[in-house]
Amino acid sequence: MRRRDLLTLIGAAAARWPAIAAAQQADRMRRIGVILTKQSEAEARVAAFEVALQSLGWTKGQNLGIDYQLAEAGRESFHAAAQAIVALGPELVVVQSTPGTREMLAVSHTIPIVFVHVSDPLGSGFVKSFAQPGGSATGFTDIEASLGSKWLQLLKEAVPGIDRAALMFNPDTAPDHGEFFLGPFMQAGKLLGVKTLPALVHDAHDIEPAVASLGVEPGGGLAVQAESFMGTHSSEIIALAARYRVPAVYPYPSFVSKGGLMAYGISSLDLFRRAASYVDRILKGAKPADLPVQQPTSSNWLLI
């Protein structure tokens, strides 16, 4: 073979190498991890997430492997889930809740993270700004602080006779230890003439006394914070509110489907559908540091 023909052959082969490499990259199985709170809606969230991924060209078991971990609403459980996921070597991890994201970042600062159901990622130190997260994490917020006042307003409108109300949360799992929503809630109480107080619950045994104290006399009301512990114990809280005849407002529509009086918040399933778009972009080369944190818009809020 003449030298000129050999060089031509090598050149043609080299030109094909990027295309071949790209095809191999597209065909290989990619792997992600997902950490969910252990709640009754977890199965529906998984379904919404996987359907959204499939619409973007990612099919579980074909070109995408998905490893799931369920965690209780507590630091130790989330930390164990994060360690288990990292050990599987995912290319990115989707994490639900503020404590879940905190523990995932404690285990790894290099694996890309897409968070959902995080109320205050800036105050929690997960991102440098909403527009430019700047680190390994980005995602979707589920609520804003002013909702603390909205919950009380809705309670007062639904039951005008309410003269005292409590905001229930677990300071160990709530955003900013519960202060994120508590300030607006207390301020709204002054404007509406309602005595307000926090109802702190550190474990399941604290829930019934907190609800029962509001039902001792007429005029008591309950608002439930948007945080993982409340979600995990939603059925119990709803049942106790009914037993003690305490009108209550909840942070997610799923509470109403279980028998709760009313809810004002964002659809959890919508958050997981939207998270799929960031998974798609990161798997295709985008960096979390450059993907802005997305907040709920007016069209995402639901009153039920």
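Predicted model: local features only at pLDDT ≥ 70, side-chain atom pairs only at ≥ 80, totals over all residues.
The largest cavity has a volume of about 130 Å³. It is lined by 17 residues, and the closest to its centre are H117, A226, E227, S228 and Y252. Two elements, α4 (98-107) and α8 (228-232), each give two or more residues to that lining. If you sort the lining of the largest cavity by class, you get 10 polar, 4 nonpolar and 3 charged residues.

Take R31 and D67, whose side chains meet at 2.9 Å, N to O. R31 sits in strand β1 (residues 30-37) and D67 in strand β2 (residues 64-71), so this pair ties together parts that are 36 residues apart in sequence. R31 counts as partly exposed, because its relative accessibility is 31%.

Next, R164 and D163 form a salt bridge at 3.5 Å, N to O. Are these two residues buried or partly exposed? R164 has 17% relative accessibility, so R164 counts as buried. D163, with a relative accessible area of 40%, is partly exposed.

The last pair is D270 and R274, with the closest N and O atoms 3.9 Å apart. Both are in helix α11 (residues 268-283), and because they are 4 residues apart there, about one helical turn separates them. R274 has a relative accessible area of 16%, so R274 is buried; the cut-off for that is under 20%.

That's all from me.

How values were computed
Residues numbered from 1 in each chain as written. Heavy atoms only, no water. 1 Å grid on protein atoms, 1.4 Å probe; cavity = no way out; pocket = protein on both sides within 12 Å on 5 of 7 lines; lining within 4 Å. Points joined across faces, edges and corners; volume = space filled by probe spheres on them. Nonpolar A, V, L, I, M, F, W, Y, C, P; charged D, E, K, R; others polar. Salt bridge = Lys/Arg side-chain N within 4 Å of Asp/Glu carboxyl O. Buried < 20%, exposed > 50% of the residue type's maximum accessible area, 1.4 Å probe, protein only.
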